[in-house]
Amino acid sequence: MRSIRYIPHVENIPILVRAALNVPVENGKVTSTFRLRKALPTIKYLQGAGARVVLIGHIGDKGTETLMPVYEAMKQYLPGLRFCPSTVGAEARAAVRDLPQGGVLMLENLRRHKGEVENGSEFALELAELADIFVQDSFDVCHRKHASVVGVPKHLAPYAGLQIEEEVRELTKALRPKRPSLAIIGGAKFSTKQPILEKLIVCYDRVFVGGALANDFMVECGYGVGTSLVSKDSDKEALHALLRNPKLMLPVDEVVAPLGSREDGDVVMPTNVPKNEAILDDGPKTIEALNELVQKANTVLWNGPLGNFENGFEEGTEALARVIASSSAYSVIGGGDTVAAVEKLGISEKFSFISTGGGAMLDFMAKRTLPGLEALDR
Ligand code: ADP
Ligand code: MG
């Protein structure tokens, strides 16, 4: 993987930069600029070196969304930023041609073309024809075999952006944690978290499983979970193997309430979950136990909220976020929902590293590579 620092000739060269532009938008306004700010170092580096920077990215997954609100938000950081309502074709080619040295242009949502997600060879070629060099800087999509991830770098000299470099460096570091080390994995869906759990149980001293993910383990322990969210088709043997490992820790108390309620809920032990209620957050004793472990840890890795935070059960997640933020440990966090919860508290800068990847972070940590990174090894 070659970094953009090694591009031999940058001045006045059109460079296609795949950036993480998929930020949350509500009522036509961007509500979190975290990913956009993380995209700036690469853009500014290339701009400063006199390149003609062509930004490509996606937003949403319906294939109809527009990057217009992202363009509006990005202008505050990049005065003079231009927008083209096409992604490929004559209009896009003309917009690139008109771009002055040091100029930055954002093309419309890649996913408006089905060739993006389907990795269509024609779409990849059309994108590649817009520029002379390709820079991958969108770590969050590097686990997907999309045209802008694995297709375009077949046609253009590929380079890794500064965000990609940082992600690889920091997540690799988190795989060799300073002891005592603590990993906290919450959220939901065992099948997506199984590979990382199996990795972390080997390289971390303690692995705490919380959130809805813990429900799958509770079921395997024979505890009733009432109407709680549980995963379908979990690998039972994998669950058992993890449960047998003494490094694994589960919640010792949980907040339960009738599903759909926004009430505070009751705190119960995992053995006492009422049949007609759901586990919606981890309880205060669990947070206290985590607090003690975080205080002692030299490395803390966290992915996945501890509760159904978007529906009012945010106490566990927020308490944990504050505990990690105030510790002196090297702390790495990631996951779309986890980062959103932390952003809301305004304490992002208190963490050593915040990954821009959700699925990509989990996959990278489990496998040490991603299709989008391999595509840069040419
Ligand atoms: P991330 O995006 O940070 O990787 P996930 O996508 O794995 O996190 O999980 C986030 C989701 O898990 C959120 O929608 C949250 O509401 C949900 N969740 C966590 N704990 C619970 C729970 N006890 N009951 C229901 N949903 C939960
Ligand atoms: Mg998520």
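Modeller: One term before we start. A salt bridge is a side-chain nitrogen of Lys or Arg within 4 Å of a carboxyl oxygen of Asp or Glu. Also, keep in mind that this is a predicted model.

Colleague: OK. How many salt bridges does the structure hold?
Modeller: The structure holds 13 of them. Lys38 and Glu166 make one, with N to O at 4.0 Å.

Colleague: Where do Lys38 and Glu166 sit in the chain?
Modeller: Lys38 is in helix 1, residues 34-48, and Glu166 is in helix 7. They are 128 residues apart, so the pair links distant parts of the chain.

Colleague: Why can side chains pair like that?
Modeller: Side chains of opposite charge can pair when their charged atoms come close.

Colleague: New topic. Which domains does the assignment give?
Modeller: Domain 1 covers 4-164 and domain 2 covers 175-367. Their C-alpha centres lie 34 Å apart. The contact takes 10 residues from domain 1 and 12 residues from domain 2.

Colleague: How much area do domain 1 and domain 2 bury between them?
Modeller: About 900 Å², with 62% of it on carbon and sulfur atoms. On the domain 1 side, Phe34, Phe139 and His143 lose the most area to domain 2. Together they account for 59% of what that side buries.

Colleague: And what is the salt bridge count between domain 1 and domain 2?
Modeller: The count is one. As for pairs with Arg37, Glu343 forms a salt bridge with it. Their closest N and O atoms are 3.8 Å apart.

Colleague: Now helix 12 and helix 13. At what angle do they pack?
Modeller: About 70°, with their axes 10 Å apart. Helix 12 is residues 315-326 and helix 13 is residues 336-345.

Colleague: Parallel or perpendicular, roughly?
Modeller: Roughly perpendicular, because angles of 65 to 115 degrees count that way.

Colleague: Which residues make the contact?
Modeller: Helix 12 brings Thr317, Glu318, Ala321 and Arg322. Helix 13 brings Ala341, Val342, Lys344 and Leu345. By class, that is four nonpolar, one polar and three charged residues.

How values were computed. Residues are numbered from 1 along each chain as its sequence is written. Chains are lettered from A and ligands numbered from 1 in the order in which they are written. This is a predicted model: local features need pLDDT of at least 70, side-chain atom pairs count only at pLDDT 80 or more; totals for chains, interfaces and linings use all residues. Side-chain values use heavy atoms; hydrogens and water are left out. Axes are lines fitted to C-alpha atoms, for helices over the stretch in contact, and angles run from 0 to 180 degrees between N-to-C directions. Helices (H or I, at least four residues) and strands (E, at least two) are DSSP runs, numbered from the N terminus. Angles under 35 degrees count as roughly parallel, over 145 as roughly antiparallel, 65 to 115 as roughly perpendicular and the rest as oblique. Contact means heavy atoms within 4.5 Å. Ala, Val, Leu, Ile, Met, Phe, Trp, Tyr, Cys and Pro count as nonpolar, Asp, Glu, Lys and Arg as charged, and the others, Gly among them, as polar. Domain bounds come from an automatic or database domain assignment. Buried area is the accessible area (1.4 Å probe) that two parts lose on being put together, summed over both.
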